[in-house]
Amino acid sequence: MSKPPLIGLALGGGSARGWAHIGVIRALAEAGIEPDLVCGTSIGALVGAAYVGGELDRLEAWVRSLRLQTVVGFLDFSLGSGLIKGDRLIEFFRNHFVDRDIRELARPFGAVATDLQRGREIWLREGPVTDAVRASIALPGLFTPALHDGNWLVDGGLVNPVPVSLCRAMGADLVIAVDLNADLLGRHLKPKPAKSRPRQRTVAEPETLTDSVMARIQDGMSQLGLNHDSGPKPPAMLDVLASSINIMQVLITRSRLAGEPADVMVTPLLADLGLMEFHRGDVAIDAGRRAVEGAMPELQRRLKG
């Protein structure tokens, strides 16, 4: 009898959409498929580390219990090189979940980060698990960079959003890859349902930061003669920014996967889940399960072949 293939699981980046990885892992396990090695980028590194460290049950229970107030509580705002330092979040994981050397985990694990100065891909396969995860999730502009061996590292999604190549390098014969960016294009530009007219704010009520910033931008456009009332209304500034980031993520993912294809692709449909909506874990986990159901015929064919 031929030797069964060594199965690698490549968990891609995608911020809050990454909770879908939990559903993917659960569905694979129920089908009797246990990866021999796991690689992750960004949120994929976090979920992958918990899985390999035997902490997936605890992580899922915590994710399902998250509320918006809890998520906000982890945001230690900074005026430095990122809006969020990330210390509170990483300290929480260090105290409540696996935190040992990567080489001591039950099965091989690797995380991907990006060298901010050289723009090169960094594979993290040794050292404390939480340090590797902290570097891999450092989304530029949101989380401050992580210092590792004298280098500043940021989110691995900048160079390798779905780490198929790392799985191959670690010896995988068959790679199952989870792409969280498959349906992102145009997400923020889709027509939104009509909302009731907001009530008039009283003088005593303070404006939010967003209200104030947007009002100033609007005033500036009016003074420059750029705020035209006629014709189609252009997308909001934040929608343009989010859509631009999505375009970059999708195109980098497509480029890498074209040159380094996975054997089986799992693509949860999560376009309606916002970047920081970590409190909607139930939605993401269910989407991950459904995506595995769709990919199962191809996966079974590959395993039999």
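Colleague: At what angle do the axes of α1 and α3 cross?

Modeller: Roughly 135 degrees, and the axes come within 11 Å. Axes are lines fitted to C-alpha atoms, for helices over the stretch in contact, with angles from 0 to 180 degrees between N-to-C directions. This is a predicted model, where local features need pLDDT of at least 70, side-chain atom pairs count only at pLDDT 80 or more, and totals for chains, interfaces and linings use all residues. Residues are numbered from 1 along each chain as its sequence is written, and side-chain values use heavy atoms, leaving out hydrogens and water.

Colleague: Which residues of α1 and α3 meet?

Modeller: Ile22, Ile25 and Arg26 in α1 meet Leu56, Asp57, Leu59, Glu60 and Val63 in α3. Contact means heavy atoms within 4.5 Å.

Colleague: Is α1 buried or exposed?

Modeller: Of its 11 residues (20-30), 8 are buried, so α1 is largely enclosed by the rest of the structure. Buried means under 20% relative accessible area (1.4 Å probe, protein chains only). Ala20 and Leu28 are among the buried ones.

Colleague: What do they pack against?

Modeller: β1 (7-11), α2 (43-52), α3 (56-65), β9 (174-178), β10 (264-266) and α10 (281-304). Helices (H or I, at least four residues) and strands (E, at least two) are DSSP runs, numbered from the N terminus.

Colleague: What follows α1?

Modeller: Glycine 32, with a positive phi near 80 degrees.

Colleague: New topic. Which residues have the most contacts inside the largest nonpolar core?

Modeller: Trp19, Leu59, Phe109 and Ile176, in a core of 59 residues. A nonpolar core is a set of buried Ala, Val, Leu, Ile, Met, Phe, Trp, Tyr and Cys residues joined through side-chain atoms within 4.5 Å.

Conventions. Buried < 20%, exposed > 50% of the residue type's maximum accessible area, 1.4 Å probe, protein only.
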